[in-house]
Amino acid sequence: MAEDSQRQLRGLYRNVKISVKTLDTIIIACILVIVVLLAIDLQNPGFTITFDSKGGTDVAPQNQMYGELLTVPEPPTREGYTFTGWYRDSACYEAWILESDTIQEDMTLYAGWEKNP
Amino acid sequence: MANPVTNLRKTAEEFQRMDAKDKRRSITDSILNNALYILMLIFVIYTAIKRPNFLTLGSLANLITQVAAYLPLALGIAGCIVLTGTDLSAGRAVGLTAAVAGVLLQKSDFANKMFQNLPAVNTGWILVTMLIVIAIGAVIGLVNGFFVAKFSLHPFIVTLSTQLITYGIILWFFSLNGNNGQPISGLSAEYKEFVGGTMFRLGNVAIPWYVLYAVILTALMWFIWNKTTFGKNMFAVGSNAEAARVSGVNVFLTTVLVHTLAGAMYGYAGFIEGVRSGSVAASTGLNAECDAIAACVIGGVSFVGGTGKISGIILGVVVLRLIFVALTMLGVDSSSLFIIKGAIILCACALDMRKYLVRK
C-alpha cells in the first residue's frame with residue numbers, strides 16, 4: 001500500500017505510526033501464538049484436584065476431566081476432630097457434594113473438621 | 001446500509017469487476033479482518049467434535065448465563081472507549097459494590113453478620129440495596145468523569161488512581177466490625193432468589209433471573225446510545241471533541257455522564273456478582289475490566305473513538321465467553337488462558353487499526 005494513501009490514526013492510536021504490512025504480521029503472529037499454545041495445552045488435558053486436609057492425614061490428588069465426578073477420596077482422620085466433608089473454600093462455607101458436583105477447573109478442596117466434645 | 005442483501009450483491013458485483021491482483025488482495029483483506037471470528041469458528045467446531053456435550057442445551061444455557069453476567073460491565077466500559085478513553089477502575093468498583101450489597105443482604109441469623117441492625121431482607125430492601133450500590137458505582141464513575149473532563153487528564157491515569165483508591169476502601173471495608181478481612185458470605189435466600197433464582201429451565205440447566213435483567217439493561221443502553229441526544233453527543237465527542245464543542249455540544253457534561261453511566265453499570269454488576277460467586281472476597285472483581293475491554297475491542301468498539309455498536313459489544317462478549325467455555329471444556333490449563341487473552345487483545349487492536357487504515 002502506498003504511503004500517501006495511509007491515513008493518520010486518531011483517538012488512542014493517534015501517536016501510532018505503523019504500516020498495514022506490520023499490522024498483518026502482528027495479527028498473524030498473535031494467531032500463531034494462540035494456536036501453538038492451544039496445541040501444547042491440548043496435549044495435556046485434565047484437571048488436577050488437590051486436597052488440603054488441614055492438619056489431617058494426607059489425601060492423594062486426582063486428575064479428572066471436565067464435567068466428571070470426583071472419585072470418592074479416602075476420608076482423612078485427625079486426632080481429636082471429626083471429619084465433616086470437603087469444602088471449596090478454606091473457611092468451609094461451601095460444601096463440595098461428591099455425588100453431584102462436577103469438575104469445572106483445577107481446584108483445591110479443603111477438609112472440614114469439627115472438634116470432638 | 002439498510003438492506004444487507006443489496007449490500008452483499010453490490011459487494012459481489014464489485015468483486016466481479018476487479019482484476020486478479022485486486023481480487024487476491026480483497027480476499028486476503030477479508031480473511032485478515034475477520035481473523036478472530038474465523039479462528040473462533042474453527043476452534044468451536046474442533047471443540048464440538050472433541051467434546052460432544054459442548055453442543056447441548058445445557059452448555060448453551062451456561063454460555064447465556066455467563067454472557068449475561070459479563071455484559072453489563074462491557075456495556076459500561078464501551079462508553080468510555082467510544083470517548084477514546086478506557087476505565088481501569090471497573091473491576092474494583094464491582095468488588096466494592098458486591099461487598100456492600102453482600103453485607104446489606106446477609107442472612108439475619110448468620111453468625112458472622114457484619115452489621116446487626118439492618119432491616120429484614122424483603123423485595124423492597126433488595127431494591128433499595130440495588131439502588132444504593134448503583135449509586136456507589138455511579139459516584140466512582142462521577143469522580144473518574146470529573147477529572148477526565150475538567151482537567152483533560154488521560155483516563156488511564158485517573159481510572160488507575162480510582163482503581164487503587166477503591167481497592168483501599170474495599171480492604172478497609174472488609175476489616176470493619178471485627179470482620180478482619182474474612183470473605184462476606186451467608187447471603188440471604190431472598191437475595192439469592194432475586195438474582196440467581198430460576199427463571200426457566202433450558203435442558204437441565206436453570207436460567208437465572210439476571211439474564212432477564214441483562215436483556216433489559218442492554219435494551220436500555222441501546223436506547224440511550226441510539227435514540228437520545230446524549231448518545232449522539234457521546235459519539236460526536238468521541239470522534240472529534242473539538243468539532244463537537246464548536247457545534248455546541250457540552251463536552252464536559254457528556255464526558256462526566258458517560259463515566260457516571262459506566263459507574264452505575266459497575267454497581268449493577270457488583271449487585272449480581274456476590275450471588276454468582278456465592279460469597280464476596282476482597283479480590284472479587286479483580287481484573288474484570290480486562291475481559292470487558294477485550295470484549296469491546298473484539299466487538300468493534302474502536303479505540304479510534306466515536307465508533308461502536310451495542311450489537312458489536314454483545315458479539316464481543318459472546319465470542320470471548322465462547323472461547324473460555326470451550327477452553328475449560330477442553331481442559332486447557334488456566335495459566336495459558338492469560339496469554340491467550342493477551343494475544344487476543346493485541347490481535348484485536350491490530351485488526352482495529354488495520355480496518356481504519358485500509359478503509360477508503
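Student: How do you know where chain A is divided into domains?

Tutor: Chain A splits into domain 1 (3-42) and domain 2 (47-115), with bounds that come from an automatic or database domain assignment. The C-alpha centres of domain 1 of chain A and domain 2 of chain A are 45 Å apart. Bear in mind that this is a predicted model, where local features need pLDDT of at least 70 and side-chain atom pairs count only at pLDDT 80 or more, while totals for chains, interfaces and linings use all residues. Residues are numbered from 1 along each chain as its sequence is written, and chains are lettered from A and ligands numbered from 1 in the order in which they are written.

Student: What makes β1 and β2 of chain A a pair?

Tutor: Two strands pair if DSSP finds at least two bridges between them. Strand β1 (residues 47-52) of chain A has three bridges to β2(A), and the two run antiparallel, so they pass that test. In one of them, A:F47 is partnered with A:Q64 in β2(A). Strands here are DSSP runs of E, at least two residues, and helices are runs of H or I, at least four residues, numbered from the N terminus.

Student: Why are α5(B) and α7(B) called roughly parallel?

Tutor: Helix α5 (residues 90-104) and helix α7 (residues 155-174) of chain B cross at roughly 25°, and their axes come within 9 Å. Angles under 35 degrees count as roughly parallel, over 145 as roughly antiparallel, 65 to 115 as roughly perpendicular and the rest as oblique. The α5(B) and α7(B) pair is therefore roughly parallel.

Student: And what makes α4(B) oblique to α14(B)?

Tutor: Helix α4 (residues 57-82) and helix α14 (residues 310-330) of chain B pack at about 135°, with axes 8 Å apart. That angle is what makes α4(B) oblique to α14(B). Among the residues making the contact are B:Y70 of α4(B) and B:R321 of α14(B).

Student: How do you know which residues of chain A are in contact with chain B?

Tutor: Two residues are in contact if their C-beta atoms, placed from the backbone, lie within 7 Å. By that rule, 34 residues of chain A are in contact with 33 residues of chain B. Helix α1 (residues 20-42) of chain A gives the largest share of chain A's side, 13 residues.

Terms used
Axes are lines fitted to C-alpha atoms, for helices over the stretch in contact, and angles run from 0 to 180 degrees between N-to-C directions.
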